[in-house]
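Q: Please take a close look at one part of this structure, the pairing of its strands and the packing of its helices. I would like a single connected answer.

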Amino acid sequence: MRYSLRWTSLLITLLLLFLLSSLPRAQQEEDLLEMSVKGVVIDPTSGAPLVVLQDNQGRKLLPIAIGANEARAISMEMARVTPIRPMTYDLITKLLAQLNAKVSRVIINDVKDSIVYALLYLKLDKGELAIDARPSDAINIALRNKAHIYVTKKVREIMVIDVLPKEKEQLTL
């Protein structure tokens, strides 16, 4: 049993170090907008669950289509519901803690052919690792690790909904 645990830990560490060598380009800080999870809703036209992100000023919303299981996991975490047995995202959080890896941030970084992409950033002793992830998975892990969620300018231009129309924004300023 001990040998198996050590072997698994070694394999995970080697995998993380291998992935460090292929880090994507870091996003410019001015390119990013911090957002937080507003909630999970059902799209009335398609019936699909959406996770809704909101900027800190409450002026912009970003709805992202996700799966039902991921929506349930986000809703449970936001409601602080603790399942009897750990869910997948709880297990991932525990594994990261055992490996001394800290989730530093999530960046929703791209949209191609209506598919949204995200990067999950981990801080390790030897540097930072960026891992390609589905936004729903990255958001679930970020919530459990109290990590910041950011959206790039490209994603904002394509997907963000302004809560206040530009004319009204100008009138209220």
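A: **Strand pairing and helix packing**

In E7, valine 151 is the bridge partner of leucine 33. This is a predicted model, in which local features need pLDDT of at least 70, side-chain atom pairs count only at pLDDT 80 or more, and totals for chains, interfaces and linings use all residues. Residues are numbered from 1 along each chain as its sequence is written, and side-chain values use heavy atoms, with hydrogens and water left out.

Strand E1 (residues 32-42) pairs with strand E7 (residues 148-152) in the antiparallel sense over four bridges. Strands (E, at least two residues) and helices (H or I, at least four) are DSSP runs, numbered from the N terminus; two strands pair if DSSP finds at least two bridges between them. E1 also pairs with strand E2 (residues 49-55), again in the antiparallel sense, over seven bridges. There, isoleucine 42 has proline 49 of E2 as its bridge partner. The hairpin of E1 and E2 has six residues between the strands, and glycine 47 takes a positive phi near 80°.

Next come the helices. Helix H2 (residues 68-78) packs with helix H4 (residues 135-145) at an angle of about 15°, the axes being 10 Å apart. H2 is therefore roughly parallel to H4. Axes are lines fitted to C-alpha atoms, for helices over the stretch in contact, and angles run from 0 to 180 degrees between N-to-C directions. Angles under 35 degrees count as roughly parallel, over 145 as roughly antiparallel, 65 to 115 as roughly perpendicular and the rest as oblique. The H2 and H4 crossing is left-handed; that is, the near helix is turned anticlockwise from the far one by less than a right angle, clockwise being right-handed. Glu70, Ala73, Ile74, Glu77 and Met78 of H2 make the contact (heavy atoms within 4.5 Å) with Ser136, Asp137, Ile139, Asn140, Leu143 and Arg144 of H4. This contact has five nonpolar, two polar and four charged residues. Ala, Val, Leu, Ile, Met, Phe, Trp, Tyr, Cys and Pro count as nonpolar, Asp, Glu, Lys and Arg as charged, and the others, Gly among them, as polar.

Helix H3 (residues 88-98) also meets H4: their axes come within 9 Å and cross at roughly 60°. H3 is therefore oblique to H4, and the crossing is right-handed. The contact residues are Tyr89, Asp90, Ile92, Thr93 and Leu96 of H3 and Asp137, Asn140, Ile141, Arg144 and Asn145 of H4. They divide into four nonpolar, three polar and three charged.
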